[in-house]
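I opened a notebook page for a model and wanted to go through strands first, then rings. The entries below follow the order in which I looked things up.

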Amino acid sequence: MAKEQPGSPASFVDQLVVPGDVVLDLSNMANQTIKLGSGLRQESDAISVTKAGKFRLSKPNKYWVESSQKRYVPCLGDSILGIVVDSKADNFLVDIKGPALAFLPVLAFEGGTRRNIPKFEAGTLLYVRVVKANPGMNAELSCTDASGKAAEFGPLKDGYMFECSTGLSRTLLSSPPCPVLEALGKKISFEVAVGLNGRVWVNAASPSTVIITANAIMKSESLSVQSDLNLYAWMEDICSSCGVVYGDTQTPAIQPSIW
Amino acid sequence: MEQRLANTWRFTVNERKFIETALLSDLRVDGRRPFDYRNLTVNFGKEDGSAEVQMGHTHVMGFVTAQLVQPYRDRPNEGSLSIFTEFSPMGDPSFEPGRPGESAVELGRVVDRGLRESRAVDTESLCVLPGRWVWAIRIDLHILDNGGNLLDAANIAALAALMTFRRPECSLGGEDGQEVIVHPPEEKEPLPLILHHLPIAVTFAFFANENSVAIDPTHHEEAVMGGRMTTTLNANGDICAIQKAGGEGVLQSVIMQCLRIASVKAGDITEKIKKAVDSFNTHTALKKIKRHPSSIPMDVDGADSKLREKQKSLVDKKATIPCPSENVVRETKSLDQ
């Protein structure tokens with residue numbers, strides 16, 4: 001396949017690739033800027049794959065290799081959910097499910113100065129962005145977007161956080177919207193923050209809604225049939241396993257225990 | 001140190017708070033009610049005496065082995081039962097390899113107390129030659145995945161493994177009649193252990209706010225809970241052991257209530273284990289029978305064909321009866337010899 005159109009991205013996009021595959025040849029695409037995501041590395045003019053998965057292209061120019069893992073390998077520009085582990089003078093140490101803890105500089109907040117350093121206790125959940133991800137170094141995070149605005153980044157209050165695979169979190173963020181989230185959103189209202197590192201935060205008005213949403217998302221990991229009819233049947237199944245009638249979630253049918 | 005920090009499991013303030021608030025309205029994060037037990041599956045290995053128990057994320061393997069040893073001096077005609085735990089770092093990153101941690105010791109002790117001190121296993125039948133040789137039964141419990149409530153899972157794994165374990169039969173022989181002959185399984189059918197009753201551990205978690213109680217806590221709930229109580233009961237409702245850990249104070253009435261629930265759950269779990277063991281036993285018995293036809297001589301002779309017919313009818317009988325009894329299996333065996 002590579003021989004037919006060497007260097008042409010179209011030949012590999014949405015195909016399964018394995019480590020060592022050369023997917024792009026930069027000598028053929030001299031005046032283009034491309035962005036490399038996880039699982040790709042550059043060796044002079046050749047872009048080769050470092051992990052097995054599906055090769056993806058997000059138009060116009062972002063490439064990455066997608067696979068489903070429990071461990072997250074930090075990658076530049078990913079929005080992730082981190083947990084504060086410790087705070088040092090210059091950095092917060094943040095757990096990102098990666099091979100090492102990540103650093104969040106205390107000044108990497110909107111309008112951050114030495115005077116107004118935020119205080120986070122250990123265990124605070126943060127929605128952050130990866131700004132440095134060099135191999136062999138701890139990743140660096142930021143709570144601002146590229147223009148220095150807070151833009152939804154920062155600590156997440158209340159709600160419930162659970163972990164899933166990195167593949168599932170990517171599906172949840174896909175466009176068109178993930179059918180499970182869409183089906184849930186038609187019946188109930190909730191807030192969700194998905195981190196590419198396989199962490200999902202859910203919040204809603206009542207705990208039962210949060211539990212249903214969280215369980216539906218967790219169980220959608222192995223869901224392959226995504227036709228609407230099946231999806232609704234499946235959703236009702238999950239709701240009944242949580243003891244709630246689907247579509248009637250605002251008034252959960254809690255039965256008193258037997259004894 | 002840096003590496004270790006990255007490997008430990010983190011718990012957010014959000015999860016802690018949510019679990020507590022959800023419990024106030026009798027909800028749990030996995031959709032259960034406070035007194036619902038997780039789904040229990042018991043699987044068995046190829047060899048006798050190995051069982052794998054799965055409860056939600058929790059995964060425990062039990063393995064039983066036996067060895068001929070000298071008995072303790074104060075109990076010359078009793079075999080022994082010992083329990084060993086193996087908490088591998090694969091099960092949970094917080095388990096350290098090598099030295100058993102606090103939880104490993106506690107788990108071993110509670111399972112041990114439930115099984116040994118309630119005399120669930122008949123140790124006297126393990127005696128071969130009083131004062132000289134007895135069987136020492138060893139239970140190894142491997143924690144493969146920690147999803148919370150390891151204690152109950154380990155206890156069930158130990159029971160299931162004990163129920164399917166077969167020790168080789170042995171007899172006395174030699175010149176003075178003092179020599180122990182261990183018969184290989186091909187020669188004499190190995191014997192099952194004698195279990196008087198099945199002590200089932202049922203764990204309750206107590207939470208600080210509003211005195212919430214939950215049965216069978218997951219590892220998220222274990223991180224939040226203030227105290228824990230493990231009650232070991234059998235299906236008859238006899239209490240074999242109680243272990244109360246953690247700081248949360250518990251009212252007497254709550255304990256009585258927990259015990260009532262636990263006795264119901266113990267009945268359910270006993271059913272499930274027995275069903276799994278029965279189907280395993282049927283399966284192995286059927287496997288043994290299927291081997292026989294191939295061992296029948298092929299030549300057609302008067303006497304031989306008669307024997308073959310008899311054997312065939314036995315095999316047919318086997319095929320129609322779903323649950324074969326042990327003695328039929330032996331009969332086919334003796335015909336073979």
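Entry 1: I am working with a predicted model, and local features are read only where pLDDT is at least 70. For side-chain atom pairs I hold to pLDDT 80 or more.

Entry 2: I looked up strand β4 of chain A, residues 40-43, and found it paired with β5 of chain A, residues 46-49. The pairing is antiparallel and runs over 4 bridges. I noted one bridge by name: A:Glu43 has A:Ala46 as its partner in β5(A). How many residues lie between β4(A) and β5(A) in the hairpin? There are 2, and A:Ser44 in the turn has a positive phi of about 45°.

**Entry 3: strand β11 of chain A.** I then asked whether β11(A) is enclosed or open, and counted its buried residues.

I listed pairings of β11(A) as follows.

- Strand β8 of chain A, residues 79-87, pairs with β11(A) in the antiparallel sense over 5 bridges; here A:Gly82 is opposite A:Leu126.
- Strand β12 of chain A, residues 140-142, is antiparallel to β11(A), with 3 bridges; A:Arg129 is bridged to A:Ser142 in β12(A).
- Strand β13 of chain A, residues 154-155, also runs antiparallel to β11(A) and is joined to it by 2 bridges; A:Tyr127 has A:Gly154 as its bridge partner.

**Entry 4: a sheet in chain B.** In which order do the strands of the open sheet in chain B lie? I read the order as β12-β11-β13-β14, 4 strands with antiparallel pairing. At the edges are β12 (213-215) and β14 (239-246) of chain B, each of which pairs on one side only. Neighbouring strands of this sheet are turned against each other by 20° on average, direction ignored.

Within the sheet I checked β11 of chain B, residues 200-206, against β13 of chain B, residues 227-233, and found 7 bridges between these antiparallel strands. B:Ala205 is set opposite B:Arg228 of β13(B). Helix α3 of chain B, residues 102-116, packs on the sheet and touches β13 and β14 of chain B. I took the angle between the directions of this helix and β14(B) as about 160°.

**Entry 5: aromatic pairs.** A search of the whole structure gave me 10 aromatic pairs over all chains. One of them is A:Phe92 with A:Phe109, edge-to-face, at 6.4 Å centre to centre and 90° between the planes. A:Phe92 belongs to strand β9 (residues 91-95) of chain A, while A:Phe109 is in the loop between β10 (102-105) and β11 (125-132) of chain A, so the pair ties together parts 17 residues apart in sequence. Both A:Phe92 and A:Phe109 are buried.

In chain B I found B:Phe87 and B:Phe95 edge-to-face, with 4.7 Å centre to centre and 70° between the planes. Why do I call B:Phe87 buried? Its relative accessibility is 10%, and buried means under 20%. B:Phe95 is at 10% relative accessibility and counts as buried for that reason.

Back in chain A, ring pairs link A:Phe92, A:Phe109 and A:Phe120 into a cluster.

**Entry 6: a charge over a ring.** Last, I looked at B:Arg138, whose charged end sits over the ring of B:Phe84, 3.9 Å from the ring centre.

Methods. Residues numbered from 1 in each chain as written. Chains lettered and ligands numbered in written order. Heavy atoms only, no water. Pairing = 2+ DSSP bridges. Axes fitted to C-alpha atoms, helices over the stretch in contact; angles between N-to-C directions. Contact = heavy atoms within 4.5 Å. Phe/Tyr/Trp six-rings, centres within 6.5 Å; stacked < 30°, edge-to-face > 60°. Buried < 20%, exposed > 50% of the residue type's maximum accessible area, 1.4 Å probe, protein only. Lys NZ or Arg CZ within 6 Å of the ring centre and 35° of its normal.
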